[in-house]
Amino acid sequence: MNRNETSRLINERNIVPKKSKGQNFLTDDRVALRHVGFASIESDDKVLEVGPGLGILTEKLIGICDHVTAIEIDRKLADHVEEVFGNRIELIRGDALSVEWPRFDRFVSNLPYSISTPVIFKLMEHDFKKAVVMVQKEFAERMVAKRGERDYSRLTVNMYYRAECRILETVPASRFKPRPKVDSALVEIVPRPAPFTVNDETIFFKVVNAGFLHRRKKIRSALRTENIMIPDSSIPFLDDRMETLSPEDIGKLSNMLSESGKI
Ligand code: SAM
């Protein structure tokens, strides 16, 4: 696939790319080949793709494994995928956020911008070997940020708790049609056990959310604002801001809060 071919398909199929559905189609076969290659797919792996669109990644996927499932929300694009790939893939027509995902080993997707966050959070609820996702560059930077960096965020801590994330390459906006305003990046996600112990994950994620929702406030005030009870005993880090704490420190804070039995 290249730019001309993408334009031809868009015209032939009478597709009006919708911003609301993040329909910026990749037009560079070399990027698509690298994207799929980074996922290290073995022939008996089950692969899930969200948003096959015109099928630039899908066609590479079916060339290397027999079990590809694709979830596409757009009727015209789903019709196209069905016509081109027939029964060589399992097509689920619907919203990736609401349909149930099948079991999969690898996840490959050029993610629609508007739903990157919820898709990534849904992805992380599953058990899989590796994901390679195309996301906006800024989003990729938030996924892999380190404490003290501007992009260190709720997303960073959530990802760090569950996986190793790495930016593999930046992909210029010129490689998509229509051309988005910003560049993208390919990110690798390899799940692993959390590198620190958390006694109660619900409390941990509540604390992470509260702290980053009010990142300029001291943690004491951020927790109070989100109605998280602070016991009287000596809890560490309450006078710090969440953005200065490492994920391990946030784990300690949430463990002390949960041990207090007050929340
Ligand atoms: N994979 C193609 C590519 O690389 O060119 C298309 C990627 S395009 C960035 C995003 C795709 O996701 C579009 O096909 C769009 O229709 C689809 N999409 C958007 N929202 C979706 C959703 N909630 N569930 C499933 N697919 C969705």
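Trainee: In which sense do strand S6 (residues 130–136) and S9 pair, and over how many bridges?

Mentor: Strands are DSSP runs of E, at least two residues in length, numbered from the N terminus; two strands pair if DSSP finds at least two bridges between them. Here S6 and S9 pair in the antiparallel sense over 6 bridges, with Ala 131 opposite Ile 189 of S9. This is a predicted model: local features need pLDDT of at least 70, side-chain atom pairs count only at pLDDT 80 or more, and totals for chains, interfaces and linings use all residues. Residues are numbered from 1 along each chain as its sequence is written, and side-chain values use heavy atoms, without hydrogens and water.

Trainee: How many bridges link strand S7 (residues 163–171) to S9?

Mentor: S7 and S9 pair over 8 bridges, in the antiparallel sense; Arg 166 has Glu 188 as its bridge partner in S9.

Trainee: Why is strand S9 described as largely enclosed?

Mentor: Buried means under 20% relative accessible area (1.4 Å probe, protein chains only). Strand S9 (residues 184–191) has 6 of its 8 residues buried, so the rest of the structure largely encloses it.

Trainee: Which residues come nearest to the ligand?

Mentor: Of the 22 residues around the ligand (a heavy atom within 4 Å), the nearest are Gln 23, Leu 26, Gly 51, Glu 72 and Asp 95.

Trainee: Which polar backbone atoms lie 2.8 Å from the ligand?

Mentor: One of Leu 26 lies 2.8 Å from a ligand oxygen atom, and one of Gly 51 lies 2.8 Å from a ligand nitrogen atom. The protein buries 97% of the 590 Å² that the ligand exposes when taken alone, by the Shrake-Rupley method with a 1.4 Å probe.

Methods:
A polar contact is a pair of N or O atoms within 3.5 Å; within protein, one must be able to donate a hydrogen and the other to accept it, and residues adjacent in sequence count only if both atoms are side-chain atoms. Buried means under 20% relative accessible area, exposed over 50%, partly exposed in between (1.4 Å probe, protein chains only). Helices (H or I, at least four residues) and strands (E, at least two) are DSSP runs, numbered from the N terminus.
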